[in-house]
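Dear colleague,

Please find the structure below, followed by a short account of what was found in it.

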Amino acid sequence: MNVSLAKDLSVYQLVMGVQAPPKPLSLSPATLLSLVRAQIDLLIEQQIAATLWVKLPPDKIWQSELARYQSSVGASSLIYSCQIDESRKREAGEDKEEGRLNISSSPSSPSSNYVPVHLPPDSQMRRENFLMVLSPQFCSLILAHRPLKKRKNQTSGKVNTNKNQPLLIITTVEGRVIQQVLNSIQQAIAPESSSIPASFICPTVPQPALMNQLLAKQLLRQDEINRQIITVRTNKLEQQNQELHNKEQLKDEYLKNVCQELRIPLTHMKTALSLLNSPNLKPPQRQRYLQMLNTQCDQQNSLITGFLELVQLEQNFNGTTLELVRLSDIVPGVVSTYQPVAQEKGIMLAYTVPTELPSVWCVTGKLRQIVINLLHNSLKFTPNGGQVWVRARNQGDYVQLEFRDTGIGIAENEIPKIFDRFYRVRTTATEDNGGAGLGLTIVQQLLLRCGGSISVKSKLSEGSTFTVQLATAGNMPRAIATENEL
């Protein structure tokens, strides 16, 4: 079947143009779906073979209703399905001014009772969805119109829009209204088009029994959709409550770990103080206990400082500011600061940072801290006579900063844990190396905030290599790009 309309139409304007038009109601898409389903239920139950004119959303949930009707009623029904089809308009070479609307049956099934109606992209129907049922027993029209959003007021600069704007929905069984829509479509058919089924006259008054059944089905379908909406909302609330509960548990566990970590130095300090009170204490022992006190005070100070820094990072996640900095301005100074420590342990410490490397993005004032934490780690876990190298090189849109040592290494099963809060590598090969267990966590958090990353490769007794990647000046991190766009 080849049918074309000589002019574009708006079903909503046709309905609102009749005398005493039905009043549109502001309703949700869910209500529209319940109305459509109730109509299909009635047609199937009464086995009414009707001609349907439809324009429904392309989603599967809507199209399945048409398939459900066709599979039940069979070939005695006829469906004209309106669809926006820009590609078909280009292929047909339609005149934009003419606004022609083509109707053709599916090429794969020319005798099919499903007729796609290809609308041009600028059709007035693009903001409309409708289901029009035409049969001697029953006629109805369900129409949904999506109003145009209000545009920006050029004078005040205010935008009056509502993202959750409801649909204007009209539902009617009045024969005069439906007939007006049908007549307008028939009058718009081009003379050269193939004929469609003979003119149809809508019954003036619908059968009361059918109307009672339709009303009952609409109530059932609306109740079903309401229950589905409530279920979805309930599940969402339960999920949100579970997420809040999980966060509270994580917070409690975090605070528990903080208290445990702070208690350890206090226990050592209390032990050292009690030993210092011994009347038979010799000077070397006194010196050792005083050193223990000093070490544990430093340990607790490190824990408190690291903990406060993590809290500050988490609180100011969205307020993090970045800066461009050159590695050659930072790394050499940090390395020279740690040279005495390396020499004391007999460690060869060297660096290679070309001055021509591009500037990189980093959290303001924090690149030095990243270098200090990683270099301190390498020296701490490298035994006497070992080696530590710091190297930087260009890697496309990033600069790669590498810290490699010949230290004790990390067991394979421990590598995924080393960035966890308060986690410290344990090894029988050395004594407890102290530390707060927060240095690598802070480094990782700082890098995440500037579009960078950190990775590690390590083998026990062979050493470790920590590799940091920092975005170059020409590769602006996404966080900064979004902020500039706003």
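Over the ring of which residue does the charged end of Arg 288 sit? The charged end of Arg 288 sits over the ring of Tyr 289, 5.5 Å from its centre; this term requires NZ of Lys or CZ of Arg within 6 Å of the ring centre and within 35 degrees of the ring normal. Likewise, the charged end of Arg 404 lies over the ring of Trp 389, at 4.3 Å from the ring centre.

Please note that this is a predicted model, in which local features need pLDDT of at least 70 and side-chain atom pairs count only at pLDDT 80 or more, while totals for chains, interfaces and linings use all residues. Residues are numbered from 1 along each chain as its sequence is written, and side-chain values use heavy atoms, with hydrogens and water left out.

The count of aromatic pairs comes to 1 (ring centres of Phe, Tyr or the six-membered ring of Trp within 6.5 Å; stacked under 30 degrees between planes, edge-to-face over 60, otherwise tilted). Trp 53 and Tyr 80 form this stacked pair, 4.3 Å centre to centre with 15° between the planes. Trp 53 belongs to strand E3 (residues 51-55) and Tyr 80 to strand E4 (residues 78-84), so the pair ties together parts 27 residues apart in sequence (strands are DSSP runs of E, at least two residues, numbered from the N terminus). Both Trp 53 and Tyr 80 are buried (under 20% relative accessible area, 1.4 Å probe, protein chains only).

Yours sincerely

Conventions: Helices (H or I, at least four residues) and strands (E, at least two) are DSSP runs, numbered from the N terminus. Buried means under 20% relative accessible area, exposed over 50%, partly exposed in between (1.4 Å probe, protein chains only).
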